[in-house]
Structure formats: structure tokens, C-alpha cells
Protein chains: 2
Amino acid sequence: MKNIAILGSTGSIGKNTLEVISRHRDKFRVTALAVKNNVSILEEQIAEFKPDVVAVFDEAAAGRLRKKNPSVKILSGEQGMIDVATLDGVETVVSAIVGSPGLVPTLEAIKAGKDIALATKEALVMAGHLVMSEALKRGVSIIPVDSEHSAVFQCLEGRDMEEVEKIVLTASGGPFLKKSVQELMNVTPAEALNHPNWNMGKKISIDSATLMNKGLEVIEARWLFNIPVEKIGVILHPQSIIHSMVRFIDGSVIAQMSVPDMKGPISYALSYPERFSNVLPPLNLAEIKELTFEDPDINKYPALALTYNALNAGGTMPCVMNAANEIAVEAFLSEKISFTKISRVVSDTMAEHKVMKGNTIEEIISASEWAKQRAGEFVDKN
Amino acid sequence: MKNIAILGSTGSIGKNTLEVISRHRDKFRVTALAVKNNVSILEEQIAEFKPDVVAVFDEAAAGRLRKKNPSVKILSGEQGMIDVATLDGVETVVSAIVGSPGLVPTLEAIKAGKDIALATKEALVMAGHLVMSEALKRGVSIIPVDSEHSAVFQCLEGRDMEEVEKIVLTASGGPFLKKSVQELMNVTPAEALNHPNWNMGKKISIDSATLMNKGLEVIEARWLFNIPVEKIGVILHPQSIIHSMVRFIDGSVIAQMSVPDMKGPISYALSYPERFSNVLPPLNLAEIKELTFEDPDINKYPALALTYNALNAGGTMPCVMNAANEIAVEAFLSEKISFTKISRVVSDTMAEHKVMKGNTIEEIISASEWAKQRAGEFVDKN
């Protein structure tokens with residue numbers, strides 16, 4: 001019986017994780033849950049999974065929940081998140097908090113020796129070197145939950161990294177694959193949220209439309225697989241059937257495919273090194289008929305170039321890019337800026353950043369705060 | 001330095017094997033070569049690779065070669081093939097003799113404890129249970145050289161066979177993919193030999209056009225991976241980029257891809273468990289643009305159904321199917337029968353066969369001889 005804590009249990013990944021666990025009650029126990037503020041869904045999860053501890057980031061929401069559930073231990077604030085992440089007896093922490101707030105709890109979980117099923121890519125985007133060196137030091141496994149990284153992880157399993165020539169991440173191209181650069185100027189949040197293949201949260205849906213999500217995944221892959229950035233490529237593959245691939249030095253490519261459903265990578269992260277049966281329906285390629293591929297157009301997806309620039313600049317730059325993007329996406333969702341302005345805000349913020357090494361979590365958080373502030377000003381100037 | 005013997009060195013696989021070896025002279029020594037009758041190419045190979053021993057199956061051709069090369073040890077006949085296959089000091093035998101004559105030398109090589117790089121699928125089609133139990137007994141590795149089985153082998157590497165739900169072999173569909181069943185009646189040998197993706201020998205090119213080649217590969221996979229026939233599927237994939245795939249119990253599919261070039265699987269069979277660098281050019285999916293898939297039409301490709309029937313009948317039936325097919329393909333190539341008649345000759349021969357267990361090589365060879373005789377009669381009756 002493995003004890004699991006889920007950071008972000010009411011989000012898309014969190015809910016899918018609980019669904020996978022509910023089919024394997026003999027193998028897993030949900031020991032703790034942490035959420036931002038959605039206490040109505042959390043209440044249902046408490047009733048179904050009976051965790052020992054829950055945490056709600058939002059103090060007011062935590063207060064409301066405490067009144068209605070006097071028998072459950074309910075923590076709150078950032079310390080509540082950290083307490084759940086480091087709880088005694090928990091073996092695996094599913095890290096699925098959206099965005100930069102996921103960094104500190106994830107890092108604390110690693111320091112506490114917990115294995116990580118990692119969906120919060122920001123932990124690696126913001127502080128990849130810190131997170132990975134800490135994981136190495138503590139002998140902690142970090143199993144990716146992203147479909148792309150899970151694919152790479154599965155393709156690399158049992159193989160020698162020295163023989164890897166390239167990791168190629170696939171990208172659906174999002175809802176605007178067929179739109180011109182010109183047409184992108186006037187797209188609405190509703191259009192941008194309408195992802196063709198994946199049903200995801202808002203932030204990641206917008207990031208998929210700009211391809212910033214793929215850029216963040218490039219950074220994540222760089223750290224997760226300890227591979228230089230020039231060995232990571234991106235290809236557009238609108239059907240989202242091949243989730244990513246690895247090319248070896250002999251020219252042989254190993255790819256991982258499935259129907260697009262997050263329960264696949266979530267299940268693998270929990271079952272690894274084994275596999276659970278009947279997680280996803282069998283892939284029927286004859287029914288799908290064709291898989292198509294194209295190189296991404298950098299003029300249309302400037303976010304992709306920004307991420308390569310950020311990785312090459314190193315230090316705090318990826319963290320700054322990520323923070324500026326969070327502000328810009330929020331501004332787009334609340335219709336303060338246009339879709340194409342998202343990348344502009346990010347690149348303007350990056351242009352003003354003086355790169356620091358980012359060897360402490362404080363330096364990283366301060367760079368992130370600076371970038372949010374500065375990006376907010378660029379939004380307001382709009 | 002690994003000592004290599006090649007059975008069938010002047011065929012397509014043999015020549016490609018020597019090309020791979022010529023790039024890795026520091027790792028391999030060509031100790032022995034065996035061919036059917038092509039002594040002019042063999043002479044060039046002797047000059048370039050300086051083997052200790054060669055064998056020519058055809059006695060007259062061997063005699064001609066002996067006169068011109070008095071300093072080389074030149075064996076002949078079936079015993080010559082066996083002597084090369086079992087030569088002292090050889091570690092790996094590349095088994096690449098076309099068709100049923102490859103069986104006995106391959107089996108003898110296994111008995112002599114040689115690792116096998118296996119291209120001669122007939123060894124497993126005719127006597128899979130004998131060959132595999134012998135290999136198990138001697139602790140011999142059998143590494144597939146077929147692109148499909150090499151793909152499956154690469155996808156399975158390091159993974160638990162218990163977690164395999166299905167092996168899916170891809171088939172290009174051959175040159176007649178777009179032709180109707182009606183149109184197939186009048187196709188010529190020249191048209192059938194014109195394979196869209198692979199440059200191969202005549203026999204295998206015709207087998208690719210009928211899909212009998214894929215059927216033989218299903219049988220080969222059954223033995224090579226010790227997997228029940230109902231877990232082996234076939235899908236048409238005209239571009240021959242995905243060479244085969246494995247579906248696991250969780251719905252995750254691992255696929256192997258590359259540009260279609262036999263040097264890929266040959267190189268892997270020689271370098272395994274490592275990989276050589278720069279064997280094939282990098283796969284550029286954006287340039288290829290699309291990969292398509294369809295289920296094979298059994299009315300158009302009856303050979304595929306025959307092979308499943310043969311496996312289900314078991315014992316000597318796959319061997320009989322293979323032998324009858326060899327005769328039928330020869331008859332088609334010499335324009336004695338039509339293209340669609342190939343499968344008819346095979347199925348008529350199979351219908352008359354009384355299945356034996358095939359527990360001895362003698363029983364298998366006698367079933368094969370019977371089938372060739374009977375298939376010849378069906379050809380003549382045409």
C-alpha cells in the first residue's frame with residue numbers, strides 16, 4: 001500500500017489522479033490533499049478518499065471548510081501546502097499545482113525524501129538545477145506526468161543516455177494551427193481555450209495555443225533528462241497520438257503513442273516501473289488513418305524561440321520568462337491584452353532582466369517576483 | 001574483435017551486412033562467407049574482406065572459383081554451408097540465405113553455440129519450436145535482422161513480456177496497395193518486383209506484394225518473442241517509417257521508426273546491446289509530412305489469412321505453407337501462373353496436408369519436400 005499526497009487535487013491532473021487511484025484502492029491510499037481554493041470539490045474528495053490531512057491555500061476558503069468539517073485536519077496557506085508535501089508516511093507526492101506556486105512545496109517534498117510524480121513543470125522551469133541536484137542528493141525519483149515527458153521517459157527506459165542524439169517533443173499546435181499570423185491578432189480567450197485534443201486547465205490551454213507550453217516542456221526536458229538544449233527539438237503533430245520520441249545515434253527512433261488522455265501518463269507515474277492494465281482504450285491507427293507532422297513556424301509561435309533563448313541565457317532567465325508569461329496569460333484571459341501581445345510582454349520583460357545564477361530558492365523567487373511586477377507594468381502600458 | 005560468418009553474403013542482406021562491417025573494421029572480422037552460386041560477387045568480397053573460409057552451395061560454381069583462387073579454402077554443397085555456419089572461432093552467424101535452404105545451416109549454427117543475426121525467416125517459419133528450444137538450450141541469442149522484428153525487439157528491450165498486450169507489425173502493402181482485387185489478376189512479375197520503399201531480393205519482393213511476407217513475419221514473431229498468435233496484428237502503413245510497434249496492457253504503444261534502410265536493423269543486430277553512430281540519416285517527419293494506416297483487406301491479401309490458419313493448425317503446417325509459397329512464387333516469376341494464383345496454390349497444398357508434430361528436422365524437411373512436390377503439381381495443372 002503506497003501512501004500518496006496530491007498537491008492540486010481539484011485541478012485536471014489532480015482529478016484524473018484520483019480517478020486512477022480509485023481503480024487501484026488495493027495499491028494506494030490517499031493520505032493528504034492540497035488545493036488552492038476549490039473547497040466544494042475538495043469536500044467531495046474528502047468524503048470519497050478520507051485523507052488524514054488536507055490543506056487549502058486560501059485562508060478564507062480554509063475557514064469555511066473547517067466549519068463544515070470539524071473532524072478533518074485542515075491546514076492552510078503556503079505552510080499548509082508544504083506540510084502536505086512533507087507529511088510523514090507519504091511515499092509519493094503528486095505535484096500538480098498550476099504555475100509558480102508549485103515550486104516551493106515540490107522542492108520541500110524532495111528535501112523530505114518523497115518520490116515525485118511531477119505535473120507542475122514550473123518546478124523545473126524555474127529552478128531545474130536546484131530541483132534536480134536536490135533529487136539526486138536525496139535519491140528521489142522524479143517521474144514525469146506530462147504526456148510528452150512520460151513518452152520520453154518510456155522511450156528512454158533501460159537505454160543509455162550516451163546513445164541519445166535527440167529528444168523530439170510533439171506539439172499539437174493548439175487551436176490556431178491553421179490560422180495565419182495576421183489572424184492571431186484578434187483571437188478571443190474563448191477561442192484560445194478550445195483545445196482540439198486535450199481537455200486541460202485554462203493556463204495550460206493558453207500556453208498550448210502560444211506554444212509556450214511546449215517551450216516550458218523543452219526546459220523541463222533539459223533538466224529531467226539532463227540533456228543539452230541543442231539535443232531537444234519540437235515538431236507539430238496535430239493529432240496528439242505520438243506523445244514524443246527519442247532519436248538514437250544510429251538513426252533509430254523510439255516513439256510512444258496512445259489515445260490522448262492524461263490518465264495514461266498519470267497511471268504510468270503511479271505504477272512505474274510496472275504498468276496497470278486497462279488504463280486507456282487500445283489505439284486504433286487504422287481508424288485514425290493519418291498522423292501528420294510539420295515544423296513549427298517561429299513567426300507564428302515566438303514563445304518557442306523565447307524558451308530556447310531563456311535556456312541559453314541560463315540562470316534565472318527561464319524563471320523570469322515563466323513568471324512574465326503567467327502574468328501575460330492572466331492579462332489575456334481577462335481581456336486586458338491581445339493574444340499576440342502575450343509573447344511581447346514576455347520578451348520585453350526578458351530583455352530587461354539581468355541574469356543571476358539562481359543558486360538559491362530566494363534568488364529564484366525574487367527574480368520571479370521582479371518579472372511578475374515588470375510584466376504587469378508592460379500589461380498596463382498596453 | 002568479433003568474428004562473423006555470413007550465410008548468403010551476396011544477397012541484399014549479405015551485401016548490406018558487409019557494408020556495415022566495412023565501417024567498423026576495428027570491431028568485426030569477416031571470418032567466413034557462404035553463397036548459393038554468385039561467385040563473381042563473392043570474389044570481390046574475398047578480395048576485400050579476406051575471409052579464412054568460403055563456401056559455395058553450387059558445386060560447379062565452387063569448382064570455377066577454386067580454379068581462380070587456389071589460395072582460399074573453398075567448400076561446397078550443403079555441407080559447405082554447415083561448415084561455415086559452425087566454424088570454430090566464429091561468434092556470430094548472420095543467417096541470410098533466402099528461403100528453406102537456410103534452415104539447416106542456421107540450426108547447426110545454433111547447435112554449435114553461435115549467436116545468430118537472423119534474416120532467414122524461414123528458419124523460424126519452418127521449425128520455430130525446434131530452433132527456439134535449441135537456442136534456449138545452448139544459451140544462444142537470436143537477434144532479428146528483419147526491420148519489423150528488429151523494431152519489436154527494440155520496443156520490447158528491457159520490458160516485461162507479461163505486460164505486452166499486442167505486437168503490431170506494419171506492412172507497406174507492397175506495390176499493389178491501390179489496386180483492386182480484380183486488377184491483381186493481370187499484374188506482371190516486373191510490376192510485382194517494383195516495391196515502393198524497400199530494395200530487396202526477388203522472392204521477398206513478391207512476398208511483400210502478396211503480404212505473404214508479413215504472414216511469415218507473424219509466424220516469425222510468434223516464435224521469436226514467444227507470444228501467442230492472437231496477440232500479433234498487422235496494419236498497413238504505406239510509408240514504411242514505423243517498422244512495428246508494441247502495445248502494452250495500459251494502452252501505451254511503443255513504436256520504432258527510421259528511414260527505410262536495411263542497414264538499420266543489420267547494424268543493430270551486430271552492435272546490440274549498443275548502437276553504432278551514423279548508421280542512417282536522421283528521420284525528418286516534417287519532410288515526410290504524413291504517416292497513414294489502414295487495416296489489410298483479407299480479400300485482397302488472402303496470404304495473410306493463410307498464415308494465421310497455418311499457425312493455428314500448428315506442427316508442420318507453417319512449413320508446408322512456406323514451401324508451397326516458394327514454389328508458387330517461382331512459378332509466378334517464370335510466368336507459369338498469375339499473381340492471384342500464388343495464394344491459391346498455397347491454400348490448395350495446405351488443404352491436402354495432414355499436420356504432423358514436426359518434432360524432428362527430418363519430419364519438417366519431409367513435409368517441406370512433400371509440399372514443394374504437391375505445389376508443383378498444382379502449378380502444372382494450371
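How many salt bridges does the count come to over all chains? The count comes to 42 salt bridges over all chains, a salt bridge being a side-chain nitrogen of Lys or Arg within 4 Å of a carboxyl oxygen of Asp or Glu. This is a predicted model, in which local features need pLDDT of at least 70 and side-chain atom pairs count only at pLDDT 80 or more, while totals for chains, interfaces and linings use all residues. Residues are numbered from 1 along each chain as its sequence is written, chains are lettered from A and ligands numbered from 1 in the order in which they are written, and side-chain values use heavy atoms, with hydrogens and water left out.

**Contact between chain A and chain B**

- Chain A gives 39 residues to the contact and chain B gives 39 residues, where contact means heavy atoms within 4.5 Å.
- About 3,400 Å² is buried between chain A and chain B, and carbon and sulfur atoms give 52% of this area. Buried area is the accessible area (1.4 Å probe) that two parts lose on being put together, summed over both.
- On the chain A side, Asp250(A), Arg275(A) and Phe293(A) lose the most area to chain B, together 20% of what that side buries.

**Salt bridges**

- Side chains of opposite charge can pair when their charged atoms come close.
- Two salt bridges are counted between chain A and chain B.
- A salt bridge joins the side chains of Asp250(A) and Arg275(B), at 2.9 Å from N to O.
- Within chain A, Lys203(A) forms a salt bridge with Asp207(A), and their closest N and O atoms are 2.5 Å apart.
- Both Lys203(A) and Asp207(A) belong to helix H10 (residues 202-210) of chain A, where they are four residues apart, about one turn of the helix. Helices (H or I, at least four residues) and strands (E, at least two) are DSSP runs, numbered from the N terminus.

**Helix packing in chain B**

- Helix H1 (residues 12-22) of chain B packs against helix H12 (residues 263-271) of chain B at an angle of about 60°, with the axes 9 Å apart. Axes are lines fitted to C-alpha atoms, for helices over the stretch in contact, and angles run from 0 to 180 degrees between N-to-C directions.
- The angle makes H1(B) oblique to H12(B); angles under 35 degrees count as roughly parallel, over 145 as roughly antiparallel, 65 to 115 as roughly perpendicular and the rest as oblique.
- Residues making this contact include Ile13(B) and Val20(B) of H1(B) and Ile266(B) and Leu270(B) of H12(B).
- Helix H16 (residues 341-352) of chain B and helix H17 (residues 361-381) of chain B pack at about 130°, and their axes are 9 Å apart.
- That angle makes H16(B) oblique to H17(B).
- Among the residues that meet here are Val345(B) and Glu352(B) in H16(B), and Trp370(B), Arg374(B) and Phe378(B) in H17(B).

**Backbone features**

- Most residues other than glycine have a negative phi, and most peptide bonds are trans.
- The peptide bond from Tyr272(A) to Pro273(A) is cis, with omega near 10°, and Pro273(A) sits in the loop between helix H12 (263-271) and helix H13 (285-288) of chain A.
- In chain B, the peptide bond from Tyr272(B) to Pro273(B) is cis, with omega near 5°. Pro273(B) lies in the loop between H12 and helix H13 (285-288) of chain B.
- Ser240(A), a residue other than glycine, has a positive phi, near 50°. The loop that holds Ser240(A) runs between strand S9 (232-236) and strand S10 (242-248) of chain A.
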